[in-house]
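This briefing covers a sheet, a helix and a chain contact. Please look at the structure first, then read the points below.

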Number of protein chains: 2
Amino acid sequence: MSGTDPRPEAGEIQSDELYGVSGGQVADLRAALDAHDLVRVEEMALALHTADLADLIEGLAPSERRILIDILGPRVDPELLTFLAEPVREEVVGYLGPADVAAAVTEMDTDDALDVVASLDEPVQAEVLEQLEAGDRAALEEALAHPEDSAGRLMQREFVAVPARWTVGETIDYLREEAEHGAEHLPEEFLDLFVVDDGGKPLGMVSLSRILRTRRPVRLEDLMDTDIDRIPVTTDQEEVAHLFRQYDLASAPVVDTDGKMVGVITHDDVMDVVHEEAEEDILGLAGIRQDSVYDSVLSTSRSRISWLFLSLLGLLCASLVIWLFEDAIEQVVALAVLMPIVAALGGNAGIQAMTVAVRALSMKELHRGNALRILGKEIMVAAVNGLLLAVVVGIVAGLWFSSVHLGAILAGSLVINLLAAGAVGVIIPFTLDRFSVDPAIASSPFLITVTDTVGFAAFLGSATYFLL
Amino acid sequence: MSGTDPRPEAGEIQSDELYGVSGGQVADLRAALDAHDLVRVEEMALALHTADLADLIEGLAPSERRILIDILGPRVDPELLTFLAEPVREEVVGYLGPADVAAAVTEMDTDDALDVVASLDEPVQAEVLEQLEAGDRAALEEALAHPEDSAGRLMQREFVAVPARWTVGETIDYLREEAEHGAEHLPEEFLDLFVVDDGGKPLGMVSLSRILRTRRPVRLEDLMDTDIDRIPVTTDQEEVAHLFRQYDLASAPVVDTDGKMVGVITHDDVMDVVHEEAEEDILGLAGIRQDSVYDSVLSTSRSRISWLFLSLLGLLCASLVIWLFEDAIEQVVALAVLMPIVAALGGNAGIQAMTVAVRALSMKELHRGNALRILGKEIMVAAVNGLLLAVVVGIVAGLWFSSVHLGAILAGSLVINLLAAGAVGVIIPFTLDRFSVDPAIASSPFLITVTDTVGFAAFLGSATYFLL
């Protein structure tokens, strides 16, 4: 962050203007763009914090974005690309061209550079890589070889590693000297020092606050915390996030298969992962693989249609069940009026149980050891809520169609469907997870098929048996 | 973290055993508890990292938890309470009793102590507060006066504040001396130094890595970053999380109404908030206010039933619509067979649009400035997906009931319902948000009522018009 960065002071801010760009700023910039007031546009855009400029660019229409990028050109902070949402980033990369993008990438921290390059489409990525210096290119290509969503992709390759025999004083002197020589291999900001052996294997960590509180002659080996988590470079980012959360880590060393330290993961990398993973669960539960408000209509439509077709298959099953009871409906039309209640309430209760199960799986709170206990609990919850709903629904339907029998049948089938919903709400995500299918994405269509089918079958079946 | 903390080394770990307790460890501890092997139980429990011990306790049955806590007694790490899920924490607090809880609270960082005390039920909280020293009690009571979910609740009251005229050398000397005198008012770990004026107002921040890289004679005023975010003590935690994410902060000063620095918020506090907020969105979308797999059946049932009753109201509206078309169904039973397809596909498509809108509102990507554009996009997406589904559904239904008309009516009403679903999927959450109602919690029942009603009315209405 540079000193020219003009975020408001505490005294003047409204609570919802604590940060970021306001609608007014977007409107002002638009007006300046429309008026072709290039000087004003540039002044306004460059005065913003880069993260806020990114938000502002996201808020513009594509044609306005192009003009703004043309005006700013290579003067824009290279970090801008890291802050842009992916669809907008692709667009901006197109406007900048491979040479400017490569120049920006060169100036980024290695983890940000990797993030940007990895998100580019294959041909654009190749073009950008070609424009890089051989050393930078090789480093990025090596990093790109790590599997997506692995610790290797998340880590920063610059870190401070020092030998255990050094003292606090030697360490501080080393850092000061390196800083004065403009050491490029040290990160700009760091939270911990890593103590490594002669082979580069991490032996321990020392937090900077500990270094600062300790006298110069003390050796790092007497100061370091040796109980550290070494993250293998192939570890999934979800595991990494759990680790940071579980132990409140600020940073952790990443090691290759030989145990040699190759990078560091810090809390801000993990914050992004936590967001991403929560996002995946939320969108997945609604059958969306990926979505951004900045995606185009067609790519949005594509990301959602397969789930709708899957739901359609389930609904056709349900229709088949209804069709089997055509005679009953022809004789008692009230059945058609009431049957959606049984099916839909079952679906809703099932989604509640399923959502909790999906989150518990994500948080590792649901596992083989307690699955049966949680299943039992969900069935009890379904019984309680099913009975409460059944009483109300039974009375309403009984009065509406002046039939105690119809009310009782509706109430009974509702309880049956809620019990089924509670059970499959746990069983489906747990089973999918066992087979390594993401339960967030695949659970709902199965669940709704079950609750629709059971709901219609229980209601229409018992009506046929008792009423006709 | 102490040196006795026996998490596995990188060499020996399986990827899904990177951290935490395994099912085997829980089973071993259970066996030792059953065998009344107190020495073994104690040995196993105290050998774990506190966060892992908390997981292990969560995995036990209540009776086992009680025995374990009785065995461990006051020897357990006071931080244990901070790691436990809330329902389990309440239980354990009951076993420990107010005196032991108060002793544990005294040893925690102020933010953790506040977190634990705030989560206790009123009478228990009063008992614990009574057991505290006057100074600690007053500090906690003052902190409890801040609104829930505010920066004042999140912040830690210990921080390192130094005057701007100090040099790097003086600062390091001060920290070393304070450390040797066991300074209780300094946090155990810290990431940044805060530079304050004589009135205690923050002037700037210096990261520890910057201190370490700078020569002793340099003054802090020449080193500090003055472009800092001062968080008012009343700021909502969601705002705080956005701020940290937007600018990748490690820590930020919290100020009172006079602008005086009263605390610091660090990245790990924010990580918990990010989780909490995502959790709220996910559970809210399924109509659950709060849930933990460790909640009792009755409290789980209570947290879910109101949403089910709300859905029931919507479903009764839908039933009313069907009832209006009783005659049509009596004449053409196929209508009853097919009508759930129109209603449910509309509901599913609507939930997709709504989920994206709810997340975009949470992330501040949907606002007055682009609401109309996003509404337009959702309607276009609905048109594309509606047409695709309509073609398939129309053909299937037409062949099934050998009626081109029926197929066409089904297809047409499906498109109408998807358009309605896409529109209300954006409009409902956006409107609720404008009226400061959490859109995640309240949107779904409204949406489903609309898609059911529109779906049934469009299908049965057009069938009545064209077929009868």
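Two strands pair if DSSP finds at least two bridges between them. Helices (H or I, at least four residues) and strands (E, at least two) are DSSP runs, numbered from the N terminus. The model is predicted: local features need pLDDT of at least 70, side-chain atom pairs count only at pLDDT 80 or more, and totals for chains, interfaces and linings use all residues. Residues are numbered from 1 along each chain as its sequence is written, while chains are lettered from A and ligands numbered from 1 in the order in which they are written.

**Sheet in chain B**
- Strand β2 (residues 192-196) of chain B runs antiparallel to β3(B), and five bridges join the two.
- In this pair, B:Val196 lies opposite B:Pro202 of β3(B).
- The open sheet has three strands in the order β1-β2-β3 (chain B), and its pairing is mixed.
- β1 (161-163) and β3 (202-207) of chain B each have a single partner strand, so one side of each edge strand has no neighbour in the sheet.

**Helix α8 in chain A**
- Within α8 (residues 110-119) of chain A, the buried residues (20 or more other C-beta atoms within 10 Å of their own, C-beta atoms being placed from the backbone) include A:Asp111, A:Leu114 and A:Val117.
- The buried residues of α8(A) pack against several helices of chain A, among them α7 (98-107), α10 (134-144) and α15 (267-285).

**Contact between chains A and B**
- Chain A supplies 112 residues and chain B 113 residues to the contact, where two residues are in contact if their C-beta atoms, placed from the backbone, lie within 7 Å.
- On the side of chain A that touches chain B, helix α18 (residues 334-362) of chain A gives the most, with 16 residues.

Terms used
Buried ≥ 20, exposed ≤ 12 C-beta atoms within 10 Å, placed from the backbone.
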